[in-house]
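The following paragraphs guide the reader through one structure. Please keep the sequence and the model in view while reading.

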Amino acid sequence: QVFLVESGGGLVQPGGSLRLSCTASGTTSTIRVLGWYRQTPGSQRELVARIPTNGASPLYAASVTDRSTISLSKDKNTVYLQMNSLKPEDTAVYYCNAFVMELGDEYDYWGQGTQVTVSS
């Protein structure tokens, strides 16, 4: 089992920046991809960015690709999302995700979510 704890959300002015962090614990050796998703009320959860733990290239949503960077800590247990030039439409609850493969099965684990509000 994998546990995820997020931090770094809050209120940011338009054009500002923030960095979200998510630290995984538990059976972290089974994590294949770490990522960030976001959700607004009445909408489906959507991918923001994700990064494989094997060193492969990350994937970004088109809406954030030119102003966001996802990265891993050296031990690959923490994933960071740096977002710049924030817009009001970036306002959402951001969730950390771990995609796990264990004994031939696949699982998704989620953090509790952190609110990001972009407003003046």
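**Salt bridges, strands and loops**

The salt bridges in this structure number three, counted as a side-chain nitrogen of Lys or Arg within 4 Å of a carboxyl oxygen of Asp or Glu. The structure is a predicted model.

Which residues do the salt bridges link into a network? The network consists of Arg38, Glu46, Arg67 and Asp90. It may be followed from one pair to the next.

Is arginine 38 buried or exposed? Arginine 38 has a relative accessibility of 7%, and it counts as buried because this value is under 20%. Glutamate 46, in contrast, has a relative accessibility of 37% and therefore counts as partly exposed, the range between 20% and 50%.

Arginine 38 also meets the side chain of aspartate 90 in a salt bridge, with an N to O distance of 2.9 Å. This pair links distant parts of the chain: arginine 38 belongs to strand E4 (residues 31–39), while aspartate 90 lies in the loop between E8 and E9, and the two are 52 residues apart. With a relative accessibility of 0%, aspartate 90 counts as buried.

Aspartate 90 takes part in a further salt bridge, with the side chain of arginine 67, at 2.8 Å from N to O. Because aspartate 90 lies in the loop between E8 and E9 and arginine 67 in the loop between strand E6 (59–60) and E7, this pair ties together parts that are 23 residues apart in sequence. Arginine 67 counts as buried, since its relative accessibility is 9% and the limit is under 20%.

Strand E8 (78–83) runs antiparallel to strand E3 (residues 18–26), and six bridges join E3 to E8. Within this pairing, leucine 20 stands opposite leucine 81 in E8. Strand E7 (68–72) also pairs with E8; the sense is antiparallel and the pairing extends over five bridges. Here serine 71 stands opposite tyrosine 80 in E8.

How many residues lie between the strands in the hairpin of E7 and E8? There are five residues between the strands, and in this hairpin lysine 76 takes a positive phi near 65°. Lysine 76 is a residue other than glycine with a positive phi, and it is found in the loop between E7 and E8. Its relative accessible area is 39%, so lysine 76 is partly exposed.

Serine 85 is found in the loop between E8 and strand E9 (92–102). Its phi is near 50°, again a positive value in a residue other than glycine. Serine 85 has a relative accessible area of 41% and is therefore partly exposed. Aspartate 90, described above as buried, lies in the loop between E8 and E9 as well.

Note on methods
Residues numbered from 1 in each chain as written. Predicted model: local features only at pLDDT ≥ 70, side-chain atom pairs only at ≥ 80, totals over all residues. Heavy atoms only, no water. Helix = DSSP H or I, 4+ residues; strand = E, 2+ residues; numbered from the N terminus. Buried < 20%, exposed > 50% of the residue type's maximum accessible area, 1.4 Å probe, protein only. Pairing = 2+ DSSP bridges.
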